[in-house]
Amino acid sequence: MKKAYIVFGTFILVFILLIPFASTYPDGLENAMEHFSVAEHAIYNAPLSYGDTFITGVIAAVIGMAVVSGILYIYIKLTKKVA
Amino acid sequence: MHIPDGLLSTPVIAGTYLITAGTVLYASKKAKDIPEEKIPLLGLTAAAIFVAQMVNFPVMAGVSGHLLGAALVAILFGPYASVLVMTAVLIIQTFLFGDGGVTALGANIFNMGIIGAFVGYYIYHYLKKRSIPLAAFLAGWISVILGALAASIEIGLSGIVPFVPFLTLMLTYHSVIGVIEGVLTMVLVKALQGEVEKESLPSEVN
């Protein structure tokens, strides 16, 4: 199990270092939407963004990772307790 | 592949929310089978999926794609744990970062989480006797293609695009994007191969 921590820890570090090299091309769905002139209609303003520099990108990643793993951890602990 | 707000019709929104809510509820019931000592690792894995989805790779001129991760998590921890990981990732992406529409959340969890979790899991387990790397590659690759197929059907059913041309374009893009998913799934499953067997949950296939 220790190996899994090392593998996923390394995985996270590698992807954090890749953040500044992320492609700015639209993704497959966005490109297909543009192709057929379909636009989104936002109905919700999110408080954060993924950032547009390396530093803001890393901050976004750290916040996102902390919240995602925290919520999942608490949720599974609670559902186990209820069960 | 995050569907934004404004694309899906009300029946599609309702249908996808219903299917997703039912599946997430069932996966939550199954969460009691996740061994206590594996919960922190699952949290770390969810963090890894979140950061991986932030990084888009260029796949052809003007098109990029990112990892989904559902098949990978399902192979390592079982499909129900994978559904919960992907749900957590997508909820935070939607509400904190505005990635994916609020009305499309049910569809996005279904397309990128639920499909990948179950399809990826079963493809891997049926094919792993032949070849573990091939099984892992196909699990990742096909999960992306089927996710794109589902997204296209949902958007097509909402009546805002010409169905077949949209579907064709989506499948073309995602059959290429999925190759990256397949390769990374293969590399990570191979790296954790010894662990994977040990990590298997007893009730995965129930």
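Why does A:Ala32 count as buried? A:Ala32 is buried because 28 other C-beta atoms lie within 10 Å. A residue is called buried if 20 or more other C-beta atoms lie within 10 Å of its own, exposed if 12 or fewer, and partly exposed in between, with C-beta atoms placed from the backbone. The structure is a predicted model, in which local features need pLDDT of at least 70, side-chain atom pairs count only at pLDDT 80 or more, and totals for chains, interfaces and linings use all residues. Residues are numbered from 1 along each chain as its sequence is written, and chains are lettered from A and ligands numbered from 1 in the order in which they are written.

The predictor assigns the complex an ipTM of 0.97 and a pTM of 0.95. For chain B the average pLDDT (the predictor's confidence in each residue, from 0 to 100) is 94, and 95% of the residues score at least 70. Residues 201–206 of chain B stay under 50 in pLDDT; for them the model has seven contacts beyond four places in sequence. Where pLDDT is low, the predicted coordinates should not be read in detail.

Chain A contains three helices and zero strands, in the order α-α-α along the sequence. Helices (H or I, at least four residues) and strands (E, at least two) are DSSP runs, numbered from the N terminus. The C-alpha atoms of chain A occupy a box of roughly 50 × 35 × 25 Å along the principal axes. The radius of gyration, taken over C-alpha atoms, can be set against a globule rule of 2.2 Å times the number of residues to the power 0.38. Chain A has 17 Å, whereas a compact globule of 83 residues would have a value near 12 Å. Of these 83 residues, 25% are buried.

Within chain A, A:Ala32 belongs to helix α2. The C-alpha atom of A:Ala32 is 27 Å from that of A:Gly64, a residue 32 places away along the chain. In the loop between α2 and α3 of chain A lies A:Ser37. A:Ser37 counts as exposed because it has 8 C-beta neighbours inside 10 Å. The phi of A:Ser37 is positive, about 50°, although the residue is not a glycine. Most residues other than glycine have a negative phi, and most peptide bonds are trans.

Chain B has eight helices and two strands, arranged from the N terminus as α-α-β-β-α-α-α-α-α-α. Its C-alpha trace spans about 45 × 35 × 30 Å along the principal axes. Buried residues account for 60% of the 206 residues. Two residues are in contact if their C-beta atoms, placed from the backbone, lie within 7 Å. Among contacts in chain B between residues at least 6 apart in sequence, 75% link residues at least 24 apart.

The two strands of chain B, β1 (residues 57–60) and β2 (residues 63–65), pair in the antiparallel sense over three bridges; pairing requires that DSSP find at least two bridges between the strands. B:Phe57 has B:Gly65 in β2(B) as its bridge partner. The strands form a hairpin with two residues between them, and B:Gly62 in the turn has a positive phi of about 80°.

Helix α3 of chain B (residues 70–77) is largely enclosed by the rest of the structure, because eight of its eight residues are buried. Among them are B:Ala70, B:Val73 and B:Phe77. After α3(B) comes B:Gly78, with a positive phi near 100°.

Between the chains, 48 residues of chain A are in contact with 59 residues of chain B. On the side of chain A that touches chain B, two or more residues come from each of α1 (2–18), α2 (28–35) and α3 (54–82) of chain A. Helix α3(A) gives the most, with 13 residues. Leaving aside neighbours within four places in sequence, A:Ala32 contacts B:Phe166, B:Leu169, B:Met170 and B:Tyr173.

Not counting residues up to four places away in sequence, B:Ala46 touches A:Val68, A:Ser69, A:Leu72, B:Val85, B:Ala88 and B:Val89.
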